[in-house]
Amino acid sequence: MQGFLASHHGYAGPKDGAPGPNTYAALQRMAQGGGYTGPVDGVPGPNTYRGVATVLNGMTLGCN
């Protein structure tokens, strides 16, 4: 996920699988595409997760 966030949502931290403030800020930027309007502060909450879910539910992954 951190690799995807680095490629598409400005994540600049290590790709180590351990989420931290940089990962959460990138998730908040991703969530903006799903209607998230809160701050991009690296502190996720229910609205962050709702926005991410909306984005993910709308993605086409190209697999059968």
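Read along the sequence, this protein follows the pattern α-α-α, and since what we have on screen is a predicted model, please take everything I say as computed from that model. The count is three helices and zero strands. The radius of gyration is 11 Å, close to the 11 Å that the globule rule gives for 64 residues, so the protein is as compact as a globular protein of that length.

Along its principal axes the C-alpha trace spans about 35 × 25 × 15 Å, and the accessible surface comes to about 4100 Å², with 55% of that area belonging to carbon and sulfur atoms. Buried residues account for 33% of the 64 residues, and if we take the contacts between residues at least 6 apart in sequence, 16% of them join residues at least 24 apart.

Let me now turn to helix α3, residues 46-57.

Which residues of α3 are buried? They are Thr-48, Gly-51, Val-52 and Val-55, and because they cover an arc of only 100 degrees around the axis, they lie on the same side of α3.

Conventions: Residues are numbered from 1 along each chain as its sequence is written. This is a predicted model: local features need pLDDT of at least 70, side-chain atom pairs count only at pLDDT 80 or more; totals for chains, interfaces and linings use all residues. Side-chain values use heavy atoms; hydrogens and water are left out. Buried means under 20% relative accessible area, exposed over 50%, partly exposed in between (1.4 Å probe, protein chains only). Helices (H or I, at least four residues) and strands (E, at least two) are DSSP runs, numbered from the N terminus. The arc is that of the directions from the helix axis to the C-beta atoms. The radius of gyration is taken over C-alpha atoms; the globule rule is 2.2 Å times the number of residues to the power 0.38. Contact means heavy atoms within 4.5 Å. Accessible areas come from the Shrake-Rupley method with a 1.4 Å probe; for residues, only the protein chains shown count as cover.
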